[in-house]
Structure formats: C-alpha cells, structure tokens
Amino acid sequence: MVRIAVVDYDMGNLHSACKGLENAGATPEITDSPQVIHDADAVVLPGVGSFDPAVQHLRSRHLVEPIQDAIASGKPFLGICLGLQILFDRSEEGTEPGLGIVPGVVRRFTHEPDITIPHMGWNALQLTQPELALWQNLPDPAWMYFVHSYYVDPADASVNAATVTHGSQTVTAAIARDNLMAVQFHPEKSADGGLKILSNFVALAEKSALATAG
C-alpha cells in the first residue's frame, strides 16, 4: 500500500479526499508534518475556500518549503480545487502572493447573462493532454463535479491538461507538468470518473515508489 500524504492546513474537508484515495487502494495520511510529507510516496494538496487564508495557513504551518521540495523531488503530486490555485503566482481573489510553483494568475469568471457564478455542478472535461496517465480509461465524455468562482490562467498554455466551458468561457480545468498534476474539480465527488482519476494517481504513486525502492 503506497503512503500518500494529504496536506492539512485547515482549508476544507480532507476526509472525502482520503476516502477516495482509500477506495483507490492507497493509505492516505492527513498531516501537517514536513517529515511525513518528505517520507510519503506521493502528496495530495486539497482545499476549499479562499486564496489568502489558504496561503497564510500554509506559511504559518511552515508547509510551503515541504510542498516545493515534494514537487522538486519528482514524486507524484496532486492539487485539488484550491490546492490547484495556490500553486500560482497570485489571485484576483486576494492580495497574498501564491506559491509561484506554476507561473500564472488565478482569475474570476466574467459575468454573463445566462451563467451562474460560482460555476457549480457537473461539466465535461475537454482533454488537452489526452495521453496523461491521470486520464487513462476515463469515460468519454468525462463528467466531473466543479464548485468555483475562480480559475487558473497559466502563463504557459502547454501545462493545460484539460479545459472546461462555462457559458462562453473556456478555462483551465487541470494542469500537468512532469510529476505535478492539479485539478479544479473535485475527483472525490465525481462518481466513477473521479474515482478512476484517483486510482490512476495511486498507480503513479506505486510506480514511483517501486522505482525509488529499486
């Protein structure tokens, strides 16, 4: 059973993410310990809420460097929802600098007559990195559950792994760069498709752990 550190920084219900990882065959551990994050086979950074409190909590718990180190180490890393947004340089939602791991800005949806903000509910992914390991054997179309008013706008569009369209606005739904993956939707709330994504992530963690052990 691979060990997956689920980073705890008081921003959201971590137990639903853990349940999804357990169902996918992993042993998740909710933690704010740099050592546990360092020792884990893979790391998940979930989160719901607002940008500024999130980065403030990470800094107050001295978790920024362990997150940066985990990504730099090459082990599989998955950000979920707010855990995607705080990887960026800054957000239109607040004034705090983000972690700056992925160059770009978090932007608010533009108001349109016939759309609701937040973007809430089921929407189909448009895969822009279809060969990504995270996407393998997904249903087509892959419907995922979203709850967000803000979306990431990467400086380098090649990191986009999937997009989603809300009204006339097509925005980033997921990014991927080497071992770093992050999604705007909630895989743990996205039924069989979301569980498949978590299962694919656990498989990546198993492969990484075997390579490290070897």
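In what order do the eight strands of the open sheet run? Select them and read across: β2-β1-β3-β4-β13-β12-β11-β8, with mixed pairing. Helices (H or I, at least four residues) and strands (E, at least two) are DSSP runs numbered from the N terminus, and two strands pair if DSSP finds at least two bridges between them.

The model is predicted, so to speak of local features a pLDDT of at least 70 is needed, side-chain atom pairs count only at pLDDT 80 or more, and totals for chains, interfaces and linings use all residues. Residues are numbered from 1 along each chain as its sequence is written, and side-chain values use heavy atoms, with hydrogens and water left out.

**Whole chain**

The secondary structure comes to six helices and 13 strands. The radius of gyration is 16 Å, close to the 17 Å that the globule rule gives for 214 residues, so the chain is as compact as a globular protein of that length. That radius is taken over C-alpha atoms, and the rule is 2.2 Å times the number of residues to the power 0.38. Along its principal axes the C-alpha trace spans about 55 × 40 × 30 Å.

Colour by accessibility next. Of the 214 residues, 53% count as buried; buried means under 20% relative accessible area, exposed over 50%, and partly exposed in between (1.4 Å probe, protein chains only). The chain exposes about 9400 Å², of which carbon and sulfur atoms supply 51%. Accessible areas come from the Shrake-Rupley method with a 1.4 Å probe, and for residues only the protein chains shown count as cover.

For contacts (heavy atoms within 4.5 Å), residues 24 or more positions apart account for 72% of those with a separation of 6 or more.

Show the charged side chains. There are 12 positive and 24 negative ones, and the centres of the two sets lie 1 Å apart. Lys and Arg count as positive and Asp and Glu as negative, while His and the chain ends are not counted. The place of a charge is NZ of Lys, CZ of Arg, CG of Asp or CD of Glu.

**The open sheet**

Go back to the sheet and select its edge strands, β2 (27-31) and β8 (126-127), each of which pairs on one side only. Then select β1 (residues 3-7), which pairs with β3 in the parallel sense over three bridges. Within that pair, A5 stands opposite V43 in β3.

**Helix α4**

Select residues 64-73. The buried residues of this helix are V64, P66, I67, A70 and I71. What covers them includes α2 (34-39), β3 (42-45), α3 (51-60), β4 (77-80) and β13 (180-183). Just after α4, G74 takes a positive phi of about 95°.

Q85 is found in helix α5 and counts as buried, at 5% relative accessibility.

I86 lies in the loop between α5 (82-85) and β5 (88-91). At 0% relative accessibility, I86 is also buried. Leaving aside neighbours within four places in sequence, I86 is in contact with Y9, L45, F51, A54, V55, L58, G98 and L99. Draw a distance from I86 to G98: the two are 12 residues apart in sequence and 5.2 Å apart in space, C-alpha to C-alpha.

**Strands β6 and β10**

Select β10 (residues 150-154), where four of the five residues are buried. Five bridges join β10 to β6 (residues 102-108), and the two run antiparallel. R107 has Y151 in β10 as its bridge partner.

**Backbone details**

Two cis peptide bonds can be inspected next.

- I117 to P118 is cis, with omega near 10°; P118 sits in the loop between β6 and β7 (119-124).
- D140 to P141 is cis, with omega about 5°; P141 lies in the loop between β8 and β9 (143-148).

Finish with positive phi values in residues other than glycine.

- D10 has phi near 65° and is found in the loop between β1 and α1 (14-23). Its relative accessible area is 49%, partly exposed.
- A191 has phi of about 55° and is placed in helix α6 (residues 191-213). At 52% relative accessibility, A191 counts as exposed.
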